[in-house]
Amino acid sequence: MPKFNLDKGRLRRLRRILNKVNQEADAMDDLSDGKLRQKTQEFKERYQAGETLEELLPEAFAAIREAAKRVLGMYPYDVQVLGGIVLHEGHIAEMKTGEGKTLTATLPIYLNALTGRGVILVTVNDYLSCRDAEEMGPLYRFMGLTIAMGAPEDEDDLSADDKKAIYAADIVYTTHSSLGFDYLIENLADSRDQQYLRDFYYVIIDEVDSVLLDSATSPLVIAGSPRVQSNLYALADAFVVSLDEKEDFYVTDEKDGVWLTKKGIKRAEDYFRLEKFYHKDNQELVRHVSLALRAHCLFENEKDYVVQDDELVLLDSTDGRLLKGTRLQSGQHQALEAKEHVPLTANNRSMASITYQNLFKLFDKISGMTGTGKPAEDEFIETYNMEVVSIPTNKPVIRKDLADSIYRSFPEKVFAAVQYIKERHAIGQPLLIATGSVQLSSLFSAILLREGIPHNVLNAYNAVKEAEMVKEAGQLGAVTVATAMAGRGTDIKLGPGVAEIGGLAVIGTEHMTSERIDLQLRGRAGRQGDPGMSKFFVSLEDELIHKWGPEHIRYYSDNDEAIDEVTPLSNFRYQKYFEQAQEASDSSSESSRQQILQMDEDMRIQRELIYRDRNNLLAGEGLKAIDFEAIAQEVFESFTQSLNSDQSRTFQSERFIYDYLSYNVSPDLEKIDHMTDKQIQDYLMTIFKSQFQNKKGLFRNKALFEDFVRKCLLKAIDSTWIEQVDYLTQFKQVVMSRRSAQRNPIYEYQREAYWSYQEMRKRVYFEIVRYLSLSEVTLSDSDQPLVQFA
């Protein structure tokens, strides 16, 4: 079914607004610096008086455009103004590499900052965030607006007051992860003084497809107290190492599943001296063996992770960057550490969690910029109600995208690619050699060294040198071997004499799993009308084909296979298989994102309810309306209903009193043994009332007592919510495996999430009683109450 291009109609409407902006240009040009600066206050007053941002847009855009010319020496082109209008309207501006997205963003940022509600620009990493803030900061300050960096180098040392000052600025440049963690941390605060975020209003996301699509399946998680560390990781790893791949376990061709064969199960029973390996008593051992199998068969060093300074660091599957501070859940990270023989990190509980989709849906208005949004426009519209508008380039793109060279085996492909590299290098053309993994970048680097070709390697091991390498990549004779991390946020400018020999050449050594990543890499060449070219070398042994291509064309070469003649396959015949494989990969990724979004919908609703209750308490609301005796009564009724008839009622009641009500009461055990359920409830209520009144008497200041009660409520909510988040995080990992049993994981997860939330609400009441009763209150030498919470 053909796709209709709606951009012509969209651009026609946008150009009418552009004309209004251009009509204001001369008036702004005539203003002195002082008068131009005063325009900001004028616009603010007009907005407060009732004018809409849409009515202010032509003048505001013209004013900041003129200021950019004076302060930065750059006057936004008409196409950049078009992009700015798209961003203001809450959609995605697709702008090619080198078209000036950073400057484009200043237009809607300035306009929306006039509301005084704060504007946030989010980038994909700290380097870009700091660079853009430093470059654009003088412009905003010239126009009388404040700007702050939300992800500075000393981010870990910032106090709540420091962060409050950052987010109080008119404009904040930060990263998606910093913003997400700040949101989660703020909602763990136990007082208003520890909260620092303003209500979210407007956000612009740079590289929006990377943030909202590629990072969508990795939720942000704040880790809390560690679980008891298992000693089975090393044992399971030693067992898996002893197995024979052909006989003892089976790995799917797509490398997305692995399990023991019958022989492997027999080996496990002999190795661990068990009668039956898959027995319920051995479930922890079975889990650790499964994790170890996955670690050895489904994860590769220098592709999925790297080991640096005795630490295992995950790699971003889309761009190969280090994912510092990110860990796999449910023990998989520790299994990988055992495989690589590095110290095991603690397997921490999850305290708070949110996906990027739900984080950015908290904003009143969201927009984004990218060079490759069109392939995913349907998903953006469906999930975020954001259209993708392709903005014309300022100068025509003259880059040549050559046809792929397709080979049967991986060695043939590498040989042909190296020959092509040598030919292009011989004439001095700068080359960017794009690889799909750190492993492959190291391989090409070793081959180029043997061929005597000097080059730079840009991968996760030396990301700190990224800016330097990118600066040199467009110079005469430069060769840069890079993972897909070179595909975003970098702008390669051509050196003297390079345009005459064809500009930058991007040579891809395999097609990436998404068409968008290929387009990002091609986009490194041919910026702003420069010459350039791109070409991909692929084979039927590439991961893309092995995982997503049809089985009948997959090829597996022998290590001893000699290369007699390197002959490319028919491009016409095989090209469609690579395109179909990318479509299948993109479709699977979209399906995973939708599944994660549906699952997280339950967590989102629960999170909003919990955070609403917390914020109400922190604001001092609702405390008087709480009937603590009614809460205690519900707890005591629940306790008596759960009494086990096989155990002594006296023992269970005594245990409950010591666990929830008092360490100092000596229960009359003989009486309890003959009490009815109602009499036990009344007896427990007497103890609770006594504890509550005694504590109230120690607080001579009513406000201090209310603060104590508020803290007890917050601690009760937080402790149970943390358990709930951790439980659902772990359960999500379990439920995904139920697909193989033909069960709907979304239904299973949502049913469990609803049930566990109801149970959590009951546990909150138990914890409220416990904190109010068991927290110790003593008087200091100065007669001030000191609290030690239970």
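This is a predicted model: local features need pLDDT of at least 70, side-chain atom pairs count only at pLDDT 80 or more; totals for chains, interfaces and linings use all residues.
How much area is buried between domain 1 and domain 4, and what share of that area do carbon and sulfur atoms give? Residues are numbered from 1 along each chain as its sequence is written, and side-chain values use heavy atoms, with hydrogens and water left out.

**View 1. The interface of domain 1 and domain 4.** About 1,000 Å² is buried here, 53% of which comes from carbon and sulfur atoms; buried area is the accessible area (1.4 Å probe) that two parts lose on being put together, summed over both. In domain 1, Asn187, Asp190 and Arg192 lose the most area to domain 4, together 43% of what that side buries. Contact (heavy atoms within 4.5 Å) joins 11 residues of domain 1 with 11 residues of domain 4.

**View 2. The domains of the chain.** The assignment, automatic or from a database, gives domain 1 (6-221 + 357-390), domain 2 (228-345), domain 3 (400-570) and domain 4 (604-788). The C-alpha centres of domain 1 and domain 4 are 44 Å apart.

**View 3. The surroundings of histidine 88.** Histidine 88 is buried, at a relative accessible area of 2%, where buried means under 20% (1.4 Å probe, protein chains only). Leaving aside residues up to four places away in sequence, histidine 88 touches Leu53, Glu54, Leu57, Pro108, Leu111, Asn112, Tyr202 and Lys365. Methionine 74 is 14 residues from histidine 88 in sequence and 21 Å away in space, C-alpha to C-alpha.

Conventions:
Buried means under 20% relative accessible area, exposed over 50%, partly exposed in between (1.4 Å probe, protein chains only).
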